[in-house]
Amino acid sequence: MADIRCIGICTGGGDAPGLNAVIRAAVKAAILKYKWKVIGIPDGFDGLIWPERSRELSLKDVSGILPRGGTVLGTTNRGNPFHHKMMENGVEVTRDISDAVIANSRKLGMDAVISIGGDGSQKIAQELFAKGMKIVGVPKTIDNDLCATEVTFGFDTALHTATDAVDKIHTTGESHHRIMVVEVMGRDAGWIALEAGIAGGAHVILIPEIPFSLERICNYVSEREGYGKRFTIVVVAEGIRLPAELKQLSRGGAVGNLIGDGIALTAHKEVRVSVLGHIQRGGSPSPFDRILATRFGVAAVELIAQGGFGKMVCLRNERIESVSISEAVGHLKTVDPQGELVCTARAIGICFGD
Ligand code: F6P
């Protein structure tokens with residue numbers, strides 16, 4: 001058993017529904033089971049630049065936060081103590097302030113820290129661990145694209161939000177005989193698009209893992225018209241790799257608009273585009289995410305108690321396990337274009353634009 005009296009906890013990177021459930025579970029387990037003091041670090045590791053901003057978290061502080069989206073600790077996806085941007089003499093410079101961050105964690109009495117975050121935050125956690133900070137990780141991302149864990153909390157809630165949107169788009173699209181494009185999140189992996197597309201009964205799904213052409217999508221729209229379907233729902237992941245013909249037209253901005261314009265011009269159809277954006281990151285976590293987040297929070301405290309520093313909790317074969325952060329970072333879990341889920345979608349006529 002590690003000799004611990006006080007732990008810190010921080011959330012880094014983009015928020016995800018369930019962060020507060022992890023914080024609540026970790027605070028409760030730390031106080032109730034181990035009688036540790038818990039300190040909340042604001043806005044990721046950057047919060048340790050100003051130690052006076054950290055504050056103790058009591059049981060009362062985490063009361064009522066289970067169903068709340070976002071993170072009560074605040075977060076940032078720009079902060080990195082190894083590449084901290086600051087102004088010096090009116091000029092922006094980048095400095096390594098990791099020593100100060102570690103020193104401040106010790107000044108605050110933290111014997112160990114729980115870092116809740118995605119790939120970027122866990123990379124920072126790994127570097128801080130290599131410099132002597134006792135850290136354990138909790139994985140998070142709505143994109144569900146971390147190899148080390150079967151599921152990340154936040155994904156299920158985002159999937160519900162995206163599926164609900166596709167359901168709603170369905171009725172208006174069908175009524176107006178339109179092509180409806182729905183852009184969902186998924187920077188590197190198409191999990192939200194694929195699963196919301198299947199769950200919402202979309203006809204075309206475009207994901208980063210499968211190259212597509214506008215021509216194939218337009219032919220598919222005509223094929224549908226051939227058997228009396230005068231509307232088509234296209235779900236697009238924000239991270240799709242654009243074919244050459246669309247790359248030329250791109251002026252940045254939402255790819256959903258580009259796909260919508262491309263279909264309208266090529267197929268001469270009426271198209272409407274909805275970009276769901278950060279709606280998918282907000283809102284109350286689903287029961288699945290609340291439970292997974294609670295299991296992760298408790299498991300992180302147990303990892304600290306056992307001295308499992310440099311490790312991250314994860315879900316494998318539906319069991320909570322741990323993996324070393326150094327092995328976990330940098331390995332993305334993307335959709336297998338030959339996988340069962342894609343084959344299932346193809347079997348029911350869903351087009352991937354290829
Ligand atoms: O990684 C999670 C994610 O929601 C991605 O799907 C998306 O590309 C990104 O974060 C958006 O981040 P930001 O909050 O910086 O816009």
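The largest cavity here has a volume of about 40 Å³. This is a predicted model, and the structure holds one cavity of 30 Å³ or more. The pockets are the other part of the story: about 800 Å³ of space lies in the largest pocket, and that's where the ligand sits.

**The cavity**

- Six names to look up on the structure: D119, Q122, L146, M312, A328 and V329 line the largest cavity.
- Sorted by class, the lining of the largest cavity comes out as four nonpolar residues, one polar and one charged.

**The largest pocket**

- A total of 38 residues line the largest pocket. If you want to find its centre, go to G13, G14, N77, K140 and R187, which are the lining residues nearest to it.
- Polar residues number 17 in the lining of the largest pocket, alongside 12 charged and nine nonpolar ones.
- As for secondary structure, β1 (6-11), β6 (112-117) and α3 (119-130) each put at least two residues into the lining of the largest pocket.
- Helix α3 has the largest share of that lining, with four residues.

**The ligand and its shell**

- What's around the ligand? The residues surrounding it are N77, I142, D143, M185, G186, R187, E238, H278 and R281.
- Four charged, three polar and two nonpolar residues make up the shell around the ligand.

- For E238, a polar side-chain atom lies 2.5 Å from an oxygen atom of the ligand.
- For D143, the distance from a polar side-chain atom to a ligand oxygen is 2.8 Å.
- For N77, a polar side-chain atom is 2.9 Å from an oxygen atom of the ligand.
- How much of the ligand does the protein cover? On its own the ligand has 400 Å² of accessible area, and the protein covers 76% of that.

**The second largest pocket**

- The second largest pocket has a volume of about 160 Å³.
- Its lining is made up of L242, L249, S250, R251, G252, G253, A254, V255, N257, L258, D261 and L265.
- By class, the lining of the second largest pocket splits into six nonpolar, four polar and two charged residues.

How values were computed: Residues are numbered from 1 along each chain as its sequence is written. This is a predicted model: local features need pLDDT of at least 70, side-chain atom pairs count only at pLDDT 80 or more; totals for chains, interfaces and linings use all residues. Side-chain values use heavy atoms; hydrogens and water are left out. A residue is near a molecule or strand if one of its heavy atoms lies within 4 Å of it. A polar contact is a pair of N or O atoms within 3.5 Å; within protein, one must be able to donate a hydrogen and the other to accept it, and residues adjacent in sequence count only if both atoms are side-chain atoms. Accessible areas come from the Shrake-Rupley method with a 1.4 Å probe; for residues, only the protein chains shown count as cover. On a 1 Å grid over the protein atoms alone, a cavity is a set of points where a 1.4 Å probe fits but cannot get out, and a pocket is an open set with protein on both sides within 12 Å along at least five of seven lines; lining residues have an atom within 4 Å of a point. A molecule sits in a cavity or pocket if more than half of its atoms lie within 2 Å of its grid points. Ala, Val, Leu, Ile, Met, Phe, Trp, Tyr, Cys and Pro count as nonpolar, Asp, Glu, Lys and Arg as charged, and the others, Gly among them, as polar. Grid points are joined across faces, edges and corners, and a volume is the space filled by probe spheres set on the points.
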